[in-house]
Amino acid sequence: MALVVICGQPCSGKSTAAACLAEALQESESKLSVRVINESSFHLNPNQNYADMPAEKNLRGVLRSEVDRSLSRDNIIIVDSLNNIKGYRYELWCLARAAGTRYCVIHCDVEVTTCRKWNEERREKLESFYDDKIFEDLVSRFERPDSRNRWDSPLFELWPSRDGIEKSSAAIVDAVMYLTKKVDSKTRDVRVLQPTIATQNARTTEANSLYEMDRATQEVANMIVEAQSRAMGGPLNGVSLGPGLPSIDISRPVGLPELRTLRRTFIKLTGQSSLSGRPPPSDADSAKRMFVDYLNRELGKG
């Protein structure tokens, strides 16, 4: 149905805006299915996420992959994060176009001095806050949305420090109207993005790749569990998965919870490969090879 991108400086009220919008949408006559995707969904620490550029790129990749998996014509996805880089907002816009849904941006416009003050208040309350160095770095790199850009349009502006944030805030009300308005041949003020042949093909290919990866890594995990059961807790050396595939060499027992965590991490990391231009594996054997190599590095003898 739609993708909503919340953006703003750190500690500018974005999560409050996302919560108010989600509640207002759920209370609307349309009774929409709404999901908020944010960093806390993955139990991610802001200071670790933005400690350096690789960590920040990893965070954006995780959020982007989750948005891509969640988008459909039956729900509204709200991305509650900094979304401070215009190139990243463009990537999210492309996902909305590929899914054939509506798209809009909500900007929490707050003075930096107020954001800094709110960050300090979070620190004093022992809530999630940004270290000073990371906060100042993020502030300096924020790229304001511009409604003249298609990936920043339509743009709804909130001023939390001046007006607060409520379900009745003008920007929230306008966004709800935009997201719930019925579209027909006469509608001119609501735009539903249309996928191109290229984006449709890319989305199908990526969906197939994710399916193959999920199935292949589960098969590997099952083989490891069975092999460990036969080994009676001993090391797994040279366990074969089949012709042409690498063997599993794990020097210590791996519990099922740890194995599940490693599998989820691998899938998330591999799902971000499109950001660096490297496509994810499109067949089961390739996915198995990559996953076994990953496990051998993480758990093997080196």
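Contact, as used in this note, means heavy atoms within 4.5 Å. The points below concern a predicted model.

1. Cover of helix α8. Helix α8 spans residues 170–180, and its buried residues are Ala171, Ile172, Ala175, Val176, Tyr178, Leu179 and Thr180. Which elements cover these buried residues of α8? The cover includes the strands β1, β3, β4 and β5 and the helix α1.

2. Overall make-up and confidence. The protein chain holds eleven helices and seven strands. Of its 302 residues, 47% are buried. Taking contacts between residues at least 6 apart in sequence, 78% join residues at least 24 apart. The mean pLDDT of the chain is 84, with 87% of the residues at 70 or more. Residues 199–204 have pLDDT below 50, and this stretch makes eight contacts in the model beyond near neighbours in sequence. Helix α9 covers residues 197–231.

3. In soluble globular proteins, nonpolar side chains tend to be buried together. Here the largest nonpolar core has 33 residues, and Leu3, Tyr50, Val67, Leu71, Tyr103 and Tyr130 have the most contacts inside it. Two or more residues of this core come from each of β1 (2–8), α3 (53–70), β3 (75–80), α4 (86–99), β4 (102–108) and α6 (132–141). The largest share, seven residues, is given by α4. Apart from this core lies another, of 27 residues; Ile76, Ala171, Val176 and Leu179 are among them.

4. Tyr130. What does Tyr130 touch, leaving out residues up to four places away in sequence? Its contacts are Pro10, Cys11, Pro46, Asn47, Tyr50, Leu82, Asn119, Arg123, Phe135 and Leu138. Tyr50 and Tyr130 are both listed among the residues with the most contacts inside the largest core. Tyr130 is also one of the residues that lie nearest the centre of the largest pocket.

5. The largest pocket. Its volume is about 460 Å³. There are 22 lining residues, and Ser15, Asp80, Arg122, Ser128 and Tyr130 lie nearest the centre. By class the lining has nine nonpolar, eight polar and five charged residues. At least two lining residues come from each of α1 (14–27) and α5 (112–124). The largest share is three residues, from α1. Helix α1 is also among the elements that cover the buried residues of α8.

6. Rolling a probe the size of a water molecule over the atoms shows where empty space is left. How many cavities of 30 Å³ or more does a search of the whole structure find? There are two. The largest cavity holds about 60 Å³. Its lining is made of Tyr50, Glu56, Leu59, Arg60, Leu63, Ser81, Leu82, Asn83, Asn84 and Tyr88. These divide into five nonpolar, three polar and two charged residues. Helix α3 gives the largest share, four residues. Of the lining residues, Tyr50 and Leu82 are also touched by Tyr130.

7. Backbone points to check. Most residues other than glycine have a negative phi, and most peptide bonds are trans. Asn83 has a positive phi, near 45 degrees, and is found in the loop between β3 and α4. Asn83 counts as buried because its relative accessibility is 3%, under the 20% cut-off. Asn83 also belongs to the lining of the largest cavity. Leu126 has a positive phi as well, of about 60 degrees, in the loop between α5 and α6. Is Leu126 buried or exposed? Its relative accessibility is 79%, so Leu126 counts as exposed, the cut-off being over 50%. The peptide bond from Ser153 to Pro154 is cis, with omega near -5 degrees. Pro154 is placed in the loop between α6 and β5 (155–158).

8. Asn222. This residue is in helix α9. Asn222 counts as partly exposed because its relative accessibility is 38%, which falls between the 20% and 50% limits. Asn222 and Leu256 are 34 residues apart in sequence, with 9.6 Å between their C-alpha atoms.

Notes: Residues numbered from 1 in each chain as written. Predicted model: local features only at pLDDT ≥ 70, side-chain atom pairs only at ≥ 80, totals over all residues. Heavy atoms only, no water. 1 Å grid on protein atoms, 1.4 Å probe; cavity = no way out; pocket = protein on both sides within 12 Å on 5 of 7 lines; lining within 4 Å. Points joined across faces, edges and corners; volume = space filled by probe spheres on them. Nonpolar A, V, L, I, M, F, W, Y, C, P; charged D, E, K, R; others polar. Core = buried A, V, L, I, M, F, W, Y, C linked by side-chain atoms within 4.5 Å. Buried < 20%, exposed > 50% of the residue type's maximum accessible area, 1.4 Å probe, protein only. pLDDT = per-residue confidence, 0-100.
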